[in-house]
Amino acid sequence: MCWLATLLVFAAALCAAPAHAEDGYDLWLRYRLLAPAQVQHYRPHAAELVAGDATPTQTVTRDELQRGLSGLLGSAIPLASTVTHDGAIVVGTPASSSLIAGLKLDLQDLGDDGYLIRSVVANGHAITVIAGRNDIGALYGAFQFLRLLQTTQPIDRLDLRDAPHIKLRVLDHWDYLNGQVERGYAGASIWDWWKLPDWRAPRYTDYARANASIGINGTVLNHVSSGATILTHDYLQKAAALAGVFRAYGIRVYLSVRFSAPIEIGGLKTADPLNPQVQAWWHAKADEIYALIPDFGGFLVKADSEGQPGPKDYGRTHADGANMLADALAAHGGVVMWRSFVYADKPDDDRAKQAYQEFKPLDGRFHANVLLQSKNGPVDFQPREPFHPLFGAMPHTPLMMEFEITKEYLGFATHPVYLGPLYEEVLAADTLAHGKGSTVAKVIDGSLDHHALTGMAGDANIGTDRNWSGSDFNQANWYVFGRLAWNPTLSSRDIAEEWVRMTFSNNPAFVKPVVAMMMGSREAAVDYMTPLGLLHLMGPGHHYGPAPWDASEAEADWRPVYYHRADRQGIGFDRSRSGSDAVDQYAPSLAAQFNDVQQTPEQFLLYFHHLPWNYRMRSGRTLWYELVAHYTQGVEDVQQMRDTWQHLDGYIDAERYRQVAAFLTIQQREAQWWRDACIAYFQSVSGLPLPPGFAPPQHPLAYYQSLSFPYVPGFSSW
Ligand code: BDP
């Protein structure tokens with residue numbers, strides 16, 4: 001090859017290579033150059049940008065559109081002060097843009113955060129207008145417009161309008177002030193408390209961009225079990241610095257507060273919510289916070305649970321505690337998100353019943369600015385649980401959903417488990433509270449019981465890892481949480497497709513198999529971990545790997561053996577009327593269904609019933625056979641996921657391709673371990689031979705029981 005040809009090849013290679021290695025940092029906001037045909041299609045619709053910069057939100061909206069469009073289309077979009085060309089993009093509100101005001105768009109029912117994107121003719125030019133009633137709506141619209149391009153949707157005849165179904169769309173960070181993240185598998189906390197408030201890392205801005213792009217509008221900075229230090233003046237100043245970064249993106253800061261803070265940092269002798277001094281302390285604290293953070297969102301509280309202090313320490317109710325805090329915030333417009341996740345010191349006959357028992361009688365007793373935040377299921381964030389019976393049972397109280405985004409119980413960072421189907425399953429579940437169609441989604445979006453104050457929280461999976469979430473696929477769980485908090489009726493499959501296109505590639509040969517792989521990934525995990533309604537079989541404390549035999553935890557209801565109740569005769573937790581009667585916490589028609597073993601969906605079978613090993617399943621096989629078959633299926637599904645991925649080499653950058661491949665290898669090894677350990681254990685209890693055709697566990701039970709893991713992430717230090 002002559003030197004000129006060599007040079008040309010080299011130059012071509014340079015152009016094709018991304019400017020920097022793909023390390024996942026850009027999340028779904030990569031804005032990489034689209035294929036030439038797409039660029040050609042979109043260019044005429046992005047001739048100039050008319051966007052204000054009178055407020056910080058307007059400025060970041062304009063910047064994001066410039067950044068996105070220039071990345072996707074390969075050259076900068078010129079800014080203009082008014083429309084001079086066909087193909088102009090105009091973004092703003094009636095207040096910020098006289099052109100938008102003149103168009104007299106129907107913005108009324110968009111609420112505070114909604115937007116409209118429409119192809120119109122203005123000043124004699126065909127343009128695209130992105131409008132909201134407020135700046136933040138316009139910002140959300142801008143992100144949606146970019147998403148259309150990122151996912152290669154047509155934009156020539158647009159007429160879109162959208163508004164969030166839920167008011168508070170919040171990430172709960174389980175971060176401690178020392179930088180550790182409880183159940184964090186993506187490195188340390190991204191809040192560099194030590195260097196705040198002076199140093200505001202650029203990453204905070206990228207965090208806000210990512211959240212705003214999916215409509216998240218709140219962040220709780222610290223873990224629910226944190227100490228009181230966050231409420232000291234020094235730390236409030238640090239929180240205020242973060243709030244200052246997030247404000248332009250419509251994100252409010254909230255804090256988890258310790259109920260006994262008046263004692264610990266206030267010098268009082270009590271934290272009794274009915275004590276006037278305690279009340280005065282919280283009022284003063286709220287005033288101090290709002291002086292620093294005028295748009296502060298409010299408090300998140302874990303009280304009387306897992307050793308945390310709370311109103312019960314003083315013989316008061318959860319309502320007394322929540323209302324006292326709510327009163328301190330009310331004048332400033334803040335809310336209290338009071339958690340229903342309560343673990344008693346002494347478990348009743350059934351741990352799953354406790355939240356309902358404690359909170360149902362308090363329905364209607366909470367002040368107007370209190371939301372009750374419930375986990376999706378009654379036990380914890382298990383791979384599968386029925387929906388929490390409080391949903392639908394407290395019509396006079398705004399119930400807020402809490403999902404876990406970090407995969408504490410679903411394989412940490414390394415099992416590519418997409419949580420969209422889990423969230424969707426819960427949101428679509430019918431509580432039957434007011435007859436058919438009373439879905440959990442309608443409970444939490446307020447439409448079922450007419451609540452204006454509504455919320456959805458996700459326990460974040462974000463840390464200092466370059467890719468934010470510990471793996472590329474875990475980013476999808478952050479993404480799907482935000483999209484469902486915006487609209488809990490969206491399909492998790494559509495969201496997966498959107499995410500794959502934005503994050504990896506628009507090539508259908510890649511998109512189709514990857515979406516299919518994601519959609520099957522949660523069921524695979526259920527199968528190799530906890531099939532047929534089993535739950536909480538994870539290793540003690542750290543929750544890594546299988547330990548169905550474990551009875552070492554101090555509290556009985558933290559032990560796997562408490563949950564599966566396997567013995568020589570059978571397996572499962574009897575929550576029917578002849579057992580703990582947890583079924584009667586559901587609406588009567590649903591309770592009747594769960595009470596009847598024949599009508600109980602098999603996916604919840606052992607959650608509601610204790611059954612003999614030779615119980616006949618719908619397949620005609622025995623329960624023991626089906627259990628082994630599910631465990632085996634889970635491993636096979638992971639093998640299938642690996643095969644799928646192997647065929648996709650070359651479609652995306654080598655960096656991310658290789659990491660996913662490596663993590664799938666880990667997942668497969670661990671899926672096999674889960675299967676084998678659980679089968680070995682349950683076989684030792686049942687005494688039954690393995691059904692024919694199934695491979696025996698690779699090791700004897702004693703081997704699995706001997707494994708120990710001193711340095712499991714997210715847990716070891718506390
Ligand atoms: C459990 C976690 C624990 C949390 C607790 C909670 O293991 O780390 O503190 O939930 O939500 O699942 O409070």
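**View 1. Helix α5 spans residues 135-150 in this predicted model.** Helix α5 has 16 residues. From its first C-alpha to its last, α5 reaches 23 Å, close to the 22 Å expected at 1.5 Å a residue. The helix is mostly covered, with 16 of its 16 residues buried. Look just after α5 for Thr152, which takes a positive phi of about 55°. An α-helix has 3.6 residues a turn, so residues three or four places apart point the same way.

**View 2. Five strands form an open sheet.** The strand order is β1-β2-β4-β3-β5. The pairing is mixed. Which strands stand at the edges? They are β1 (48-51) and β5 (159-162). Each has a single partner strand, so one side of each is left without a neighbour in the sheet. Neighbouring strands of this sheet are turned by 20° against each other on average, direction ignored. As background, strands of a sheet pair through backbone hydrogen bonds, either parallel or antiparallel.

**View 3. Strand β1 pairs with β2, and a helix packs on the sheet.** Strand β2 covers residues 88-92. Strands β1 and β2 run parallel, joined by four bridges.

**View 4. Thr439 sits in a loop between two helices.** The loop lies between α12 (420-428) and α13 (440-444). Is Thr439 buried or exposed? Thr439 has a relative accessible area of 17%. The cut-off for buried is under 20%, so Thr439 counts as buried. Leaving out residues up to four places away in sequence, Thr439 touches Leu427, Ala428, Ala429, Asp430 and Thr431.

View 5. Over residues 27-145, the chain is 35% helix and 21% strand. The end C-alpha atoms of residues 27-145 are 17 Å apart. Residues 470-693 are 55% helix and 2% strand. The end C-alpha atoms of residues 470-693 lie 38 Å apart.

Key. Residues are numbered from 1 along each chain as its sequence is written. This is a predicted model: local features need pLDDT of at least 70, side-chain atom pairs count only at pLDDT 80 or more; totals for chains, interfaces and linings use all residues. Side-chain values use heavy atoms; hydrogens and water are left out. The expected span of a helix is 1.5 Å times one less than its number of residues. Buried means under 20% relative accessible area, exposed over 50%, partly exposed in between (1.4 Å probe, protein chains only). Two strands pair if DSSP finds at least two bridges between them. Axes are lines fitted to C-alpha atoms, for helices over the stretch in contact, and angles run from 0 to 180 degrees between N-to-C directions. Contact means heavy atoms within 4.5 Å.
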